[in-house]
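Reader: I am new to this structure and would like to know what lies behind the terms used for it. Please set each value against its cut-off.

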Amino acid sequence: RCLSDWSSDVCSSDLPTTRTSVTIPTQIYASLETIAKQKKVSMAWVMRDAAEKYVSEQWPLFRGIDHE
């Protein structure tokens, strides 16, 4: 699935991935779970979407570019 903040020719599924684990407050997890159910997507998709949007906000000139 391509995300709206990425250029149309770059989809998150086309990029190399890294597995991670995070600890978040229960209330935020519940909100993310609700969003996932409403959008009919997985929790992982919601988390990736949120992370990609955050990175785009932090580095707007570098959308879709490796930030190492």
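**Terms and the values behind them**

Author: Lys40 sits in the loop between α1 and α2. The model is a predicted one.

Reader: What makes Lys40 count as exposed or buried?

Author: The relative accessible area of Lys40 is 73%. Exposed means over 50%, so Lys40 is exposed.

Reader: What is said about the phi of Lys40?

Author: Just after α1, Lys40 has a positive phi of about 60°, although Lys40 is not a glycine. Most residues other than glycine have a negative phi.

Reader: How many helices and strands does the protein have?

Author: There are two helices and zero strands. Helix α1 covers 26–39, and helix α2 covers residues 43–58.

Reader: How do you know that the span of α2 is close to the expected one?

Author: From its first C-alpha to its last, α2 reaches 23 Å with 16 residues, and 22 Å is expected at 1.5 Å a residue. For α1, with 14 residues, the reach is 20 Å and the expected value is 20 Å.

Reader: Why is the pair Lys53 and Asp49 called a salt bridge?

Author: The closest N and O atoms of Lys53 and Asp49 are 3.2 Å apart. The cut-off is within 4 Å, for a side-chain nitrogen of Lys or Arg and a carboxyl oxygen of Asp or Glu, so the pair is a salt bridge. Side chains of opposite charge can pair when their charged atoms come close. The structure holds one salt bridge.

Reader: Where do Lys53 and Asp49 lie?

Author: Both are in helix α2, four residues apart, which is about one turn of the helix.

Reader: What makes Asp49 buried or exposed, and what of Lys53?

Author: Asp49 has 9% relative accessibility. Buried means under 20%, so Asp49 is buried. Lys53 has a relative accessible area of 32%, which falls between 20% and 50%, so Lys53 is partly exposed.

Reader: Which residues of α2 are buried?

Author: They are Met43, Trp45, Val46, Asp49, Glu52 and Ser56. What covers them includes α1. Across the protein, buried residues make up 21% of the 68 residues.

Reader: Which residues make up the largest nonpolar core?

Author: The six residues are Leu32, Ala36, Val41, Met43, Trp45 and Val46. Helices α1 and α2 each supply at least two residues of this core. The largest share, three residues, comes from α2.

Reader: What does Val46 touch?

Author: Leaving out residues up to four places away in sequence, Val46 touches Leu32, Ile35, Ala36 and Val41.

Reader: What makes Tyr29 partly exposed?

Author: Tyr29, found in helix α1, has a relative accessible area of 39%. That value lies between the limits of 20% and 50%, so Tyr29 is partly exposed. Tyr29 touches Ile24 and Met43, not counting residues up to four places away in sequence. The C-alpha atoms of Tyr29 and Met47 are separated by 9.9 Å.

Reader: What is the average pLDDT of the protein, and where is the pLDDT below 50?

Author: The average is 79, and 69% of the residues score at least 70. Over residues 3–9 the pLDDT is below 50, and this stretch has 15 contacts in the model beyond near neighbours in sequence. Where pLDDT is low, the predicted coordinates should not be read in detail.

Methods
Residues numbered from 1 in each chain as written. Predicted model: local features only at pLDDT ≥ 70, side-chain atom pairs only at ≥ 80, totals over all residues. Heavy atoms only, no water. Buried < 20%, exposed > 50% of the residue type's maximum accessible area, 1.4 Å probe, protein only. Core = buried A, V, L, I, M, F, W, Y, C linked by side-chain atoms within 4.5 Å. Contact = heavy atoms within 4.5 Å. Expected span 1.5 Å × (residues − 1). pLDDT = per-residue confidence, 0-100.
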